[in-house]
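Hi,

Here is the structure you asked for. Please have it open while you read the notes below it.

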Amino acid sequence: MDEVFIEVDCYQKNKAGNLVCGDSFMSQKLQDEGRIISVLSDGLGSGIKASVLSTMTVTMAMNYVAMNESILQTAMSIINTLPQDMVRKISYSTFCIFDIDCFGNTKVIEYETPPVCLFRDGKLIDIPKEKIAVERTDLENTFLWVSEFKLEKEDRLVCYSDGVSQSGMGSSSMPFGWDEGVKTYLTALLEEQPDISAKEMAHKIVLRAERNDNYRLLDDTSCCVVYRRTPRNLLVCTGPPYDEQKDRYLAEKVRDFQGKRILCGGTTASIISRELRRPLTVSLEITDKELPPLSYMEGIDLVTEGILTLSKVERLLAEGVPERSHGPANDMVTLLQNSDKITFVVGTRINVAHQDPNLPVELEIRRNVVKKIKDLLETKYLKDVEIIYL
Amino acid sequence: MEKIKVKLCAGTMCYVMGGAQLMEINDLLSDEEKSFVEISLSPCLQRCNGEERPPFAEINGKPLQGVNKETLLQIIKEEIKNAVR
């Protein structure tokens, strides 16, 4: 079993008052190569124009790097393609590219961004970089910084836009911004929470930058964290097995699983309850008006209803989770997002009653929804997902 | 006096066929009536694939089918009357 997983997460907040973020982030896992490419870009200015610049940058960088195009060629293509800003007369965006293979061999390419940070054993590590001059007609003295190293287990790589490094600039406590301060902050954070996830770390950095700016961000602020870690495993069981004889097998799989467990479906939960002789109680509290309530069983992290909840989970994963919302589907999304390797065990016994055309709502077929959830988890959240049908 | 046990099915089928509204039955009970009754939810009662009509419930073990908030309320009131007699 694989003992290492590369968790990548990015958190972004817009400049105060802006609807659109001028920073863009894109991350992709090339499945056949086991390679992850992540790109963060900051477009000149803020708002829509900046967003266009940074979106073009990440898309182009992603495609060129995936095709193993030369770095200089990649940079020149981007620079020459970006539209010129009418006022400033330059076409400008920054970018930072992480290219990591399945063994942890990492290539980092930085162009005009705050320098990336590599943390190992709680300490900031110096990365030797090669400097490549970039010839541009509109700007002088811009450089590519290229580095190659092995990302070891427990290493963390952090990059951010200048919304982070320049937060607090001009204030009395940090007149020059947070450039050095963020590194001190991260070192202290790692000492306090050595197991902190990439997701949480990225969040904390951006929220702290916002605080530095007195809760009104002066610029679009983004942070990407890569963490080479022991994977967090999650088992999601949904649906009774096609063959009743497999009920025992399913229950044992749940009992013996190393990691967190979700049971999604009342019938599924009843089977596990019966086989493992653990009581199942349904909560009376409705935490989401659209969904049946949660249930509780000892040793299980989450017990929800089946198809309605799964359909909402798919929607939340695709569209994002609205702030201040809660409920069983939200709980499940949180567990999914905080896991790395997710195994779905899908029982294929079809509930014929669910397909009655007289039903007031349309109930999807379970295996179709799970398939869609898998695709979202893989492409949008870079998780490792497996589906087993029973 | 032992409380009257009302069990409501929280399965998917019952939920979409009126069970969601049925779960609000507590709001219709007076404080006095609430003291006589214990409402709980159950995972799917497995009655939806037969001839019966959801949503399903039970009152002191007696199966009910196709009830709504108002009809269940009447059944509960009736049961309370019988119990205190």
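In helix α2 of chain A, A:Ile71, A:Thr74, A:Ala75, A:Ile78 and A:Ile79 are buried. Buried means that 20 or more other C-beta atoms lie within 10 Å of the residue's own; exposed means 12 or fewer, partly exposed is in between, and C-beta atoms are placed from the backbone. Helices (H or I, at least four residues) and strands (E, at least two) are DSSP runs, numbered from the N terminus.

This is a predicted model: local features need pLDDT of at least 70, side-chain atom pairs count only at pLDDT 80 or more, and totals for chains, interfaces and linings use all residues. Residues are numbered from 1 along each chain as its sequence is written, while chains are lettered from A and ligands numbered from 1 in the order in which they are written.

Back to α2(A). An α-helix has 3.6 residues a turn, so residues three or four places apart point the same way. The cover over the buried residues of α2(A) includes α1, β5, β8 and β9 of chain A. Contact here means that the C-beta atoms of two residues, placed from the backbone, lie within 7 Å.

On the other side of α2(A), A:Gln73, A:Asn80 and A:Thr81 are exposed. A:Asn80 counts as exposed because it has 10 C-beta neighbours inside 10 Å. A:Asn80 and A:Thr137 are 57 residues apart in sequence, yet their C-alpha atoms are 9.9 Å apart in space.

Next, the sheet. Six strands of chain A form an open sheet in the order β2-β3-β4-β5-β9-β8, with antiparallel pairing. Two strands pair if DSSP finds at least two bridges between them. β2 and β8 (130-134) of chain A are the edge strands, each pairing on one side only. Neighbouring strands are turned by 15 degrees against each other on average, direction ignored. Axes are lines fitted to C-alpha atoms, for helices over the stretch in contact, and angles run from 0 to 180 degrees between N-to-C directions.

β2(A) and β3 (residues 35-43) of chain A pair over eight bridges, in the antiparallel sense. A:Gln28 stands opposite A:Ile37 in β3(A). Helix α1 (residues 48-66) of chain A lies across β2, β3 and β4 (93-100) of chain A, at about 155 degrees to β3(A). Helix α2 (residues 71-81) of chain A also packs on the sheet, touching β5 (105-111), β8 and β9 (142-150) of chain A. Its direction makes about 140 degrees with that of β9(A).

Now the domains. The assignment for chain A gives domain 1 (5-229) and domain 2 (233-389). Such bounds come from an automatic or database domain assignment. The C-alpha centres of the two domains of chain A lie 35 Å apart. Eight residues of domain 1 of chain A are in contact with six residues of domain 2 of chain A.

Last, the chain contact. It takes 21 residues from chain A and 13 residues from chain B. On the chain A side, α7 (266-276) and α8 (307-319) of chain A each give two or more residues. α7(A) gives the most, with four residues.

Best wishes
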